[in-house]
Amino acid sequence: MIDSKLFLDKNKTVMFGIFENPDKFLDTVSKVHQKGAQIIDCYTPFPMHGIDKAMGLKRSLLPIGAFICGCLGFLTAAALESYTMHFDWPMIIGNKPTIGVSYVPVLFETTVLFTAFGLAILFFTRSKMLHGKMPSERIDFRQTDDRMVIAIATDNNAVDKNELSNMLFSGGAVLVKERTNNGYEDFTEVEIKSAN
Amino acid sequence: MIHDSIIRPNLVTGDKNLHDVTLEICRPIENKPSVSWKVGFTISAIFLGLLLLTLGITLYVGIGTWGLNKTVQWGWDITNFVFWVGIGHAGTLISAILLLFRQKWRMSINRSAEAMTIFAVMCAAIFPLFHMGRIWVGGYWVFPLPNAFGSLWVNFHSPLLWDVFAISTYFSVSLVFWYLGLIPDIATVRDRATTAGRKFWYNFFSMGWTGSVRTWNRYEVVSLILAGISTPLVLSVHTIVSMDFATSVVPGWHTTIFPPYFVAGAIFSGFGMVLTLLVIARKVMNYQDYITIGHLEAMCKVVMLTGTMVGLAYITEFFVAAYSGVEYEQYAFINRATGPYWWAYWSMMTCNLVAPQVFWFKWARTTPWFIFMLSIVVNVGMWFERFVIIVTSLHREYLPSGWVMYSPTLVEIGIFLGSFGLFFTCFFLFSKFLPVINIAEVKGILKNRE
């Protein structure tokens, strides 16, 4: 995951633009991306539709993981049912087959169970989420309330810093600041004033 | 937002901005509980005590404390079980099926409906578990665990075992779905927390959530897949519950109409309970701007539709019994309507088929006190439906020598009333400690963007 890495690496610089209007924010994200700047991540209090495209994010591979988990659930149930009902102790009731349609409900339920839990575990692992973990990238305490944050890498010289800050201000940012990482969870932050 | 329709009325009224939503939904969590909360919680806790007492008596003395007998071996216990499982269906329907249908009005009510699902399934689980008698050795009776009797396994051909898998999967998947939806909102509460306790616990459960768009992006994918798999799951659960009856050879039970009929009934009763809770909650917690008359009206329409479907099923059952020419089947239905339990049958018909028809009138769909009264009628009617199906079919079996009457004992009544205590205690705790409305999703549908 690039976001955490860039925050932890020494001598990285990141510019944050903090917004209060979601529409202006979305617009600015799209412009910054088109300009060629490297957007590390954005932080929003609610899921914004279209921001993934504006940021140029790829589609998640989680559906594939979910499918594999589902298959695993199906096979587990099939193995359990056939082992207990057919191989270990064939249970013949009314001369009905020991392997048959009566397996279907449990096959279905176990498939769903494994898909849901597998998917949740994959999601937490992929997003590095863990119970009790402190939020590592909390730029503004109101980013889960009413503010949106864009984090842009500024040490790769893709876009001029002044141009970038002007772009953020003209896009409607209420606050722009630059952070320089000195080491693990050690950084200095400078607020950038609007040219106007 | 860019996908918003400009001609549709606002789903959230009061011209709120993002911060207003956070403030108002976090208010009950951040302030001291109100007097009405304390009164409600105390009454619920007393009933929860009644549940513990009556379950204790059942365990200590045995199942003989219930009114079951050799003919009516399922009575109030399984009636209550199906009743609670049915109520648990609205939550997943609202959050999963309405998500797939892109019904945005679900966003104000899905959180509380999902909570209701989880609490209702917990209440439901009590009844079959305690019906087993020696619950402490019940593990290997319901789950395929290796045990001391050699190769003696549970029977996968039995619908009762399918039900074990269906209910436990439904409960755990609903819990995952609910918790996942809660994480962003828990993070919102965490970032506003002022006390050490709140900071610690909300931080613990928010799992380091920052609102990162990369995470949101995955989160949306996860929600969609969970909704996709929960949709057939919610339909399968009550289908399988209906198979507990439909795969038997008891007249009045073994009909192929049972699965769709039970699913419609479950949605009907679930929405009935959602209405009962939310009409009160929106008033007490001052959430009229979030759960608007428009929301209530939409739910009333669902109640009317599913009530009519259930009514159609009742009539179809009668027709099929008559048309089949099977005299046992015919007798079972005539006995339901005119036998000793006629009052239960006609209560069911009146509450479920006739009463919801008033929702054809706009006044009925938009008047909260009336909706509340009618939602109680729906709850009562759906309880009677299960009672009618179970008790009237069992109390007169093939041999007239086995005909008996069934009436509940005080212990059974206590467990049933106590289960409401458990349900409402959980709901009151939920409304105090967690956001009752999905903050993040509601923010996404606001028209005021400042």
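## A residue in helix H2 of chain A

A:Asp27 lies in helix H2 of chain A. Helices here are DSSP runs of H or I with at least four residues, strands are runs of E with at least two, and both are numbered from the N terminus. A:Asp27 counts as partly exposed, with 15 C-beta neighbours inside 10 Å. A residue is buried if 20 or more other C-beta atoms lie within 10 Å of its own, exposed if 12 or fewer, and partly exposed in between, with C-beta atoms placed from the backbone. A:Asp27 and A:Ile51 are 24 residues apart along the chain, and their C-alpha atoms are separated by 9.1 Å.

## Basis of the model

This is a predicted model, in which local features need pLDDT of at least 70 and side-chain atom pairs count only at pLDDT 80 or more, while totals for chains, interfaces and linings use all residues. Residues are numbered from 1 along each chain as its sequence is written, and chains are lettered from A and ligands numbered from 1 in the order in which they are written.

## Chain A

Chain A has six helices and five strands. Along the sequence they follow the pattern α-β-α-β-α-α-α-β-α-β-β. The radius of gyration of chain A, taken over C-alpha atoms, is 25 Å, well over the 16 Å that the globule rule gives for 196 residues, so chain A is more spread out than a compact globule. The globule rule is 2.2 Å times the number of residues to the power 0.38. The C-alpha trace of chain A spans about 85 × 35 × 30 Å along its principal axes.

Of the 196 residues in chain A, 39% are buried. Two residues are in contact if their C-beta atoms, placed from the backbone, lie within 7 Å. Among contacts in chain A with a separation of 6 or more, 75% come from residues 24 or more positions apart.

## Domains and strands of chain A

An automatic or database domain assignment supplies the domain bounds. For chain A it gives domain 1 (2–58 + 135–192) and domain 2 (62–126). The centres of these two domains, taken over C-alpha atoms, are separated by 45 Å.

Strand S1 of chain A covers residues 13–19, and six of its seven residues are buried, so S1 is largely enclosed by the rest of the structure. S1(A) runs antiparallel to strand S3 (residues 148–153) of chain A, and six bridges join them. Two strands pair if DSSP finds at least two bridges between them. A:Phe19 has A:Met148 in S3(A) as its bridge partner.

## Chain B

Chain B has 17 helices and zero strands. The radius of gyration of chain B is 23 Å, close to the 22 Å that the globule rule gives for 450 residues, so chain B is as compact as a globular protein of that length. Taken along the principal axes, the C-alpha atoms of chain B fill a box of roughly 75 × 55 × 40 Å.

Buried residues make up 49% of the 450 residues in chain B. Of the contacts in chain B between residues at least 6 apart in sequence, 83% join residues at least 24 apart.

## Where the chains meet

The contact between the chains takes 63 residues from chain A and 56 residues from chain B. On the side of chain A that touches chain B, the elements that give two or more residues are helix H2 (22–35), strand S2 (38–43), helix H3 (51–55), helix H4 (62–88) and helix H5 (104–126). H5(A) gives the most to this side, with 15 residues. By class, this side of chain A has 34 nonpolar, 15 polar and 14 charged residues. Ala, Val, Leu, Ile, Met, Phe, Trp, Tyr, Cys and Pro count as nonpolar, Asp, Glu, Lys and Arg as charged, and the others, Gly among them, as polar.

## The largest nonpolar core

The largest nonpolar core has 175 residues, and those with the most contacts inside it are A:Leu119, B:Met116 and B:Val274. Domain 1 and domain 2 of chain A both give residues to this core, so the core lies between them. A nonpolar core is a set of buried Ala, Val, Leu, Ile, Met, Phe, Trp, Tyr and Cys residues joined through C-beta atoms within 7 Å. Not counting residues up to four places away in sequence, B:Met116 touches B:Ala90, B:Gly91, B:Met273, B:Val274, B:Leu277 and B:Phe427.

## Two residues with positive phi

Most residues other than glycine have a negative phi. A:Asn95 has a positive phi, near 60°. A:Asn95 is found in the loop between H4 and H5 of chain A and is exposed, with 5 other C-beta atoms within 10 Å.

B:Met207 also has a positive phi, of about 55°, although it is not a glycine. B:Met207 lies in the loop between helix H8 (196–206) and helix H9 (213–246) of chain B. With 19 other C-beta atoms within 10 Å, B:Met207 is partly exposed.
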